[in-house]
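Work through the exercises below with the structure open beside you, and try each task before you read its solution.

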Amino acid sequence: MRLPLLALLAKGPAHGYELGQALEELLGAAYPQPNIGQIYVTLGRLEKAGLIEGEDVAQSNRPNKRTYRLTPAGREAVAAWFAEPTDEPRVRDEFFMKLALAPDSGVADQIALINKQRRHYLNTMRDLSKLAAAEDRDNRVAQLLIEGAMLHLQADLDWLERCQEELE
């Protein structure tokens with residue numbers, strides 16, 4: 001959450017509620033949104049780390065709001081984040097660990113695990129399809145997020161097929 005908030009602040013100063021709304025508008029309903037409390041806790045940590053500066057802004061008939069802006073160190077952190085590739089592929093996979101340990105545990109059957117995981121992926125794909133249909137067509141970022149998630153799920157389903165062929 002730290003670096004996405006810094007990236008949003010690279011556009012200009014904002015307060016926590018605005019940052020939460022910006023994430024929701026940008027990513028749509030498919031992306032799990034942080035709660036506003038998590039955003040404000042993260043902003044406090046970023047301020048203590050010297051990556052942002054906060055300023056209290058007076059409001060009439062409301063409590064003051066705190067607006068945040070990037071510091072030079074925060075701008076450097078955002079630039080470094082964008083410059084680094086994202087870790088992939090997933091080598092540490094909890095499902096694969098279950099699959100590998102099942103035979104020796106005597107507690108679970110590998111094929112049953114594969115079938116249960118397949119059902120879960122298919123249900124998730126169905127939910128994402130409904131979400132894609134309901135999402136604003138003009139929000140290309142949200143549509144691309146959903147499409148990427150569905151392509152990953154399809155690859156996971158193909159991999160489950162491969163696992164089942166090997167283990168039967």
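The model is predicted, so local features need pLDDT of at least 70 and side-chain atom pairs count only at pLDDT 80 or more, while totals for chains, interfaces and linings use all residues. Residues are numbered from 1 along each chain as its sequence is written, and side-chain values use heavy atoms, with hydrogens and water left out.

**Exercise 1.** Classify the pair formed by W81 and F82.

Solution. Rings of Phe, Tyr and Trp (its six-membered ring) pair if their centres lie within 6.5 Å, and planes under 30 degrees apart count as stacked, over 60 as edge-to-face and the rest as tilted. A search of the whole structure finds three aromatic pairs.

**Exercise 2.** Decide whether F82 is buried or exposed.

Solution. Buried means under 20% relative accessible area, exposed over 50%, and partly exposed in between (1.4 Å probe, protein chains only). F82 has 59% relative accessibility and therefore counts as exposed, whereas W81, at 34%, is partly exposed.

**Exercise 3.** Explain why the pair of F96 and W159 is tilted.

Solution. The ring centres of F96 and W159 are 5.9 Å apart and their planes stand at 50°, so the pair is tilted. F96 is partly exposed at 42% relative accessibility, and W159 is partly exposed at 32%. Ring pairs also link F95, F96 and W159 into a cluster.
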